[in-house]
Amino acid sequence: MSPSAVSRSGPNRSAEPGAVAEDPSDSSASPFGKGGGGLGVRLRGVRGLWRPYPVEYKRGQKKRGNFDRVQLCAQALCLEEMLTVCIADGALFYGRTRRREIVTFDHALRDETERLATRMHTLHREGRTPVVPYDSKRCDRCSLIGRCIPKTTGAAPSVEKYIRLALAG
Ligand code: SF4
């Protein structure tokens with residue numbers, strides 16, 4: 001993820017959504033921090049307010065599930081909390097298809113992300129590791145496969161599947 005400050009708002013720029021007028025008397029500017037009244041962050045040596053714009057690079061292609069959008073939204077929520085700023089959208093870039101998908105952090109996506117984060121915290125607190133079945137399409141491209149080792153630790157295959165695999169063998 002690169003929380004790059006690519007979207008500029010202010011001073012007095014009305015072309016950008018969320019544009020705000022900068023208060024030159026505000027001395028709260030920091031290298032990358034608060035002080036923009038929720039509309040942007042100030043960068044040392046640069047005038048105006050800058051909106052963090054999370055961009056997540058993925059090697060593969062767009063997936064059917066909502067995983068990537070939830071991951072990006074979680075990054076945005078962290079940045080919003082850290083910087084006291086509102087982030088309306090971000091982007092996913094897929095290397096294989098060389099396509100960019102703009103993701104809007106709407107209520108539904110924020111709710112889903114928060115629900116999953118709460119569940120993750122609960123599992124962590126209880127010391128439980130969720131058992132997820134190995135799925136070659138999903139897991140073989142996952143950067144966590146070396147740590148997750150789903151073939152070993154994943155949900156036990158059914159007897160039918162085990163026999164089928166053994167006979168195919
Ligand atoms: S390797 Fe683990 S974390 Fe990655 S997709 Fe498979 S089950 Fe999920």
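The legends below walk through close-up views of a predicted model.

**View 1. The whole chain, as a starting point.** The protein chain holds six helices and five strands. Read from the N terminus, the elements follow the order β-β-β-α-β-β-α-α-α-α-α. Of the 169 residues in the chain, 16% are buried. Take the contacts between residues at least 6 apart in sequence: 52% of them join residues at least 24 apart.

**View 2. The largest nonpolar core.** Here you are looking at a set of 13 residues, in which Val-41, Leu-72, Ala-76, Ile-87 and Phe-105 have the most contacts inside the core. Strand 3 (46-58) and helix 1 (67-83) each contribute at least two residues to this core. Helix 1 provides the largest share, with five residues. As general background, nonpolar side chains in soluble globular proteins tend to be buried together.

**View 3. The surroundings of Leu-72.** This view picks out Leu-72, one of the core residues with the most contacts inside the core. Which residues does Leu-72 touch once its neighbours within four places in sequence are left aside? They are Pro-54, Glu-56, Gly-90, Leu-92 and Val-103.

View 4. Strand 4 (residues 89-94) and strand 5 (residues 99-104) run antiparallel and pair over six bridges.

**View 5. Asp-89 in strand 4.** Asp-89 belongs to strand 4. Is this residue buried or partly exposed? Asp-89 has 17 C-beta neighbours inside 10 Å, so it counts as partly exposed. Apart from neighbours within four places in sequence, Asp-89 contacts Ile-102, Val-103, Thr-104 and Phe-105. Pro-54 is 35 residues away along the chain, yet its C-alpha atom is separated from that of Asp-89 by 7.8 Å.

**View 6. Thr-84, between helix 1 and strand 4.** Thr-84 sits in the loop that links helix 1 and strand 4. Its phi is positive, near 50°, and the residue is not a glycine. For context, most residues other than glycine have a negative phi. With 14 C-beta neighbours inside 10 Å, Thr-84 counts as partly exposed.

**View 7. Helix 2 from end to end.** Helix 2 (residues 107-126) has 20 residues, which at 1.5 Å a residue should span 28 Å; the end C-alpha atoms are 28 Å apart, so the two values agree. How many of the 20 residues in helix 2 are buried? The number is one, so this helix lies largely in the open. Just after helix 2 comes Gly-127, with a positive phi of about 70°.

**View 8. Ile-149, between helix 4 and helix 5.** Ile-149 lies in the loop between helix 4 and helix 5 (150-153). Although not a glycine, Ile-149 has a positive phi, near 35°. Ile-149 has 12 C-beta neighbours inside 10 Å and therefore counts as exposed.

How values were computed
Residues numbered from 1 in each chain as written. Predicted model: local features only at pLDDT ≥ 70, side-chain atom pairs only at ≥ 80, totals over all residues. Core = buried A, V, L, I, M, F, W, Y, C linked by C-beta atoms within 7 Å. Helix = DSSP H or I, 4+ residues; strand = E, 2+ residues; numbered from the N terminus. Contact = placed C-beta atoms within 7 Å. Pairing = 2+ DSSP bridges. Expected span 1.5 Å × (residues − 1).
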